[in-house]
Amino acid sequence: MLGRLARWLRLIGCDTAYDAQLDDRALAGLAAREGRLVLTRDRGLLARRLVRRGLLVESDELGAQLRQVLGACDVPLARERLFTVCVACNGALAEKTPDDVAGRVPPYVRRTHERFRACAGCGRIYWGGTHVARALADLERLTGVRL
Ligand SMILES: [Zn+2]
């Protein structure tokens, strides 16, 4: 239900577990084991005994959700933290050189980019491009913060 919010939280560098397949009980257990804050639109989930720290996300609108979570959790929104967490799997991203990613990205991309990041979890490779500029612009628009 909050999949888009989860992806944006990862994009800004927050360790964000998200699994749409988990039921409430499994989700509450995971949060308790890993000491996580539960973000949900569901009051019933927050009432579960295992949920020690939870935040009821008030809006359906992504920008309002992001602003609420950033405000409530004191998450630093800083340019150097952006793109440090894999949006697909929540793995940590590490800096890579063009040589490191040879054979794992298209040759043209390898020739035309200096810096890459690779996910320690799923192996996905990221590099700068128009989508990065667009994500930054979207993030500024959604949060009202100039990055
Ligand atoms: Zn990943």
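A residue counts as partly exposed when its relative accessible area falls between the 20% limit for buried and the 50% limit for exposed. Keep that scale in mind for this predicted model. W127 has a relative accessible area of 25%, so W127 is partly exposed. F116 stands at 1% relative accessibility and therefore counts as buried.

These two residues belong together. The structure holds one aromatic pair. The ring centres of F116 and W127 are 6.3 Å apart, and their planes meet at 65°, so the pair is edge-to-face. F116 sits in strand β4 (residues 116-119) and W127 in strand β5 (residues 125-127), so the pair ties together parts that are 11 residues apart in sequence.

Now turn to charge. Side chains of opposite charge can pair when their charged atoms come close. How many salt bridges does the whole structure hold? A search finds nine.

One of them joins E34 to R36, with the closest N and O atoms 2.6 Å apart. E34 is partly exposed, at 44% relative accessibility. A network of salt bridges links E34 and R36 with D15.

Another salt bridge brings R141 and D138 together, at 3.3 Å from N to O. Both residues lie in helix α6 (residues 130-143). They are three residues apart there, so about one helical turn separates them. R141 is exposed, at 59% relative accessibility. D138 is partly exposed, at 23%.

R146 forms a salt bridge with E140. Their closest N and O atoms are 2.9 Å apart. R146 has 70% relative accessibility, so R146 counts as exposed.

Key:
Residues numbered from 1 in each chain as written. Predicted model: local features only at pLDDT ≥ 70, side-chain atom pairs only at ≥ 80, totals over all residues. Heavy atoms only, no water. Phe/Tyr/Trp six-rings, centres within 6.5 Å; stacked < 30°, edge-to-face > 60°. Helix = DSSP H or I, 4+ residues; strand = E, 2+ residues; numbered from the N terminus. Buried < 20%, exposed > 50% of the residue type's maximum accessible area, 1.4 Å probe, protein only. Salt bridge = Lys/Arg side-chain N within 4 Å of Asp/Glu carboxyl O.
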